[in-house]
Structure formats: C-alpha cells, structure tokens
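Reader: I'm new to this. Can we go through some of the labels and where they come from?

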Amino acid sequence: MKVFKYPTKAHWSALLTRPVMSEKDLENVVSPILDAVKRDGDAALKQFTSQFDKVTISAFAVSEKEIQEAESTLDERLKAAIRQAAENIRKFHQAQRENPIKVETMKGVECWRKSVPIDKVGIYIPGGTAPLFSTVLMLAIPAVEAGCKEIVLCSPPSGNGKLHPAIIYAATFSGVSKLFKVGGAQAIAAMAYGTPSIPRVFKIFGPGNQYVTAAKQLVTRDGTAIDMPAGPSEVAVLADETANPHFIAADLLSQAEHGADSQVILVTTSSSVIERVVTTIDEQLVKLPRKEIAIKALENSRVFLLSDEEACIELLNEYAPEHLILSISNADEVAEKITNAGSVFLGHFTPESVGDYASGTNHTLPTNGWARSFSGVSLDSFFKKITFQKLSREGLQNIGETVEVMAEAEGLEAHKQAVSIRLKWIKAEEQ
C-alpha cells in the first residue's frame, strides 16, 4: 500500500483514482458480446460460455435434479447460516415497506403515490474466483418481499458445468423463479434482450467485474433498467489511536481478497497507526489462501496521513466509498458527518464482513464514487412508483383557472381546453 503524508486537497482527486479500465476500452469488448446475444440468442451464449468459462453447456436452466443435489450435499452448518442471514435480511427489508399517503393539495384535489412491484427482475451473481451466494440473499429476498412476479438468476458455471450448490440452495430458499448457468456480459445481454432459454426482464440487479458493469450500463440504452453501477469492491477505513491494528488489517484484506481490481483505503491522523497496520497486514497476508489476489489489490490501494479529523472526513466524502468503517472512539458523532458512502460500519466491533453476510443491510452497493448519487439496493429498488390524482367537480373548479393560465402562457391551447371544456360543462349543468 502506498502511503501519502499530508497531501494537499489539490492532489486528492488524482490520488483517489480507482483502478478501472477506460469506458471506451470496456465498450469495445462488451458491445460485440451484447450484439451477438441479441442477434443469435442461445447459440451466442453457448459460444461465449465455452470461450470465457471453458465449459460446454447443453442446457442453461438449472434442473430439478441439480437443485435436489445442492440441497442434499451442502453442509448443514452452512445451510443454517444461510437461513439465519436470510431471516435478518428479510426482517430489515420488510421494515422498509411504505404505505400510500393521500394528500389533499387543495379542496377537492387528492394526490397519492403507490409502490408497484416490477414484474420481472434479473439477478446476476458473480462466480469466478468466489461463489457469492450471499448476494443471492441480498437480491432475491427483497425481490420476493416486494412481490416481483418473476425472479431470474444468472451465474457463471464452474468447471463441472454446474452452479455452486450454495448458490442454488440460497436461490431456491429465497424464492428465485428460474436459475441459469451463464455468466459475464453475455448473461446481462440474455436478461436484457431475452433468448429462447432465458426470459427477458425489466430490471437487472447485481455486482460484477468491470465487463459486467459495462454491460449493465450499455443495456440501459435499450430500455432495461439496472440497480446501479456496481463494479469492483472497495473499502475505506478511518482509524484513530484507539483502533486495533489487527482488526483494521483484517478489514482491509477482506476487501482486497475480492479481486485484483479491488481497492482499499486507510485514512488516519496517526503515523503510529499506519506503521502498526502495515506490519499487521504483512503478517495476515501470508496466511490467506487468496493472498495473490489480495497482493494485486493492495498495489492499487492507498494510506493517507492527514492533519486532523475534519480533513479525514472531507477526503472520505470526496472518495465516496462503497464501504466505510469508522474504527474510531467517536464513531457515532463522525457518522453524522458522512454524506457519501454506500454503507457505514461504526466502531471497533463492526467489521464490514457482517454487512456482507448477515447483519440485515444490503451489500449490493455503489462503487467507483457512485455513492455520491446512488443508494445501495433496498426494498424500494424492486418497486416502481406510480402517482395518482383524483379531482371532484369542486376540485376542478378550484384549480381550473391556475391550469388554464399556465397552459395559455406555454402556448398549449389543447391543454387549456381540456380544463375549460369541463368547467363550461359543470357551469351549464348547475344552471
């Protein structure tokens, strides 16, 4: 990790750059994949699965036999952990449900908004170097709670041509409608455009590598909604002298092991904290099974030594991390000053891992600075909001002149007449 001591604000932006490919380079790779799937359907999916996943797939749908095998072979302790995490996630997201509130903006003019579930949603679950079955829970459970009619899941197959049993178990336990063995940008294309095997959906959820993220952003041009731009994982830690260097090192490495393009950031006002954490990272790193991946991620990572707490908060808000850990004595106070972050973890005993798995909050979060303008996935993400209005005769009479004057000023005579004709009819009927 590179250490930067007291950098000036003018240099912050450059120092906080993420390790991402250029949009043009990504689009040049991803666009032909999307076009091929859109044009050739399943044939293109089979070709790309063979090319990228090194496996031949005859049928993309996960069979009932595979579902039963996953149920019977998965470790009972893991199944119990999945069920416990699911309960917490469901409880947290159920609490987000909103009831319609009717507002009478003026006498006889009633307005309200209603949450209507999106009929068909797609869930992308990364496979690759780690089967992220926890993401299944994070996306399927709120989709079910929202009332989505069809939930389609795509995930890349492993070398044996199957999905990891934990992904299958988590999906069936959560209520996923259909599971498919296809990954990468081609899976996003399949869900966006539909193929003979994989149905088209209206909104796609889920994290992924830079190619998956690019694919998600590109399909929005053709009318498919996405949750957010969610790419390589990242974490920032704000630490003071009360922090335990072993805790911080573990938190930083927990994100670094996600992928070579992940990034971790440590921010502090204490040089001794930096020394202790860096030493501890080296000690913990050698014991990790995924140390080679973590080492590459650490090459993209940064340590900032700043003059005071306010400067630390300002830098973190500029970085807008996906995950932010406040390993400081006054975490509750500082948390109120955080304006840009996907999810915040307060205190020395709140590792980011609990949010990744089982605390109940959603771990599908904005990365690459998108936390400045995007929220993480919530129950609301699976709804569309429809507004309603209802006017009585009295209501139209009360608001009519306002609409007529505004429509006339904009030169939209038909808009004005839609009100004027009704008002004349009401007046004639009352005489």
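Reader: What does the side chain of S174 reach?

Author: The backbone oxygen of A170, at 2.7 Å. A polar contact is a pair of N or O atoms within 3.5 Å; within protein, one must be able to donate a hydrogen and the other to accept it, and residues adjacent in sequence count only if both atoms are side-chain atoms. Keep in mind that this is a predicted model, where local features need pLDDT of at least 70, side-chain atom pairs count only at pLDDT 80 or more, and totals for chains, interfaces and linings use all residues. Residues are numbered from 1 along each chain as its sequence is written, and side-chain values use heavy atoms, with hydrogens and water left out.

Reader: Why is S174 called buried?

Author: Its relative accessible area is 3%, and buried means under 20%, exposed over 50%, partly exposed in between (1.4 Å probe, protein chains only). So S174 counts as buried.

Reader: What makes α2 oblique to α3?

Author: The axes of α2 (residues 23-40) and α3 (residues 42-53) cross at roughly 140°. Axes are lines fitted to C-alpha atoms, for helices over the stretch in contact, and angles run from 0 to 180 degrees between N-to-C directions. Under 35 degrees is roughly parallel, over 145 roughly antiparallel, 65 to 115 roughly perpendicular and the rest oblique, so α2 is oblique to α3.

Terms used. Helices (H or I, at least four residues) and strands (E, at least two) are DSSP runs, numbered from the N terminus.
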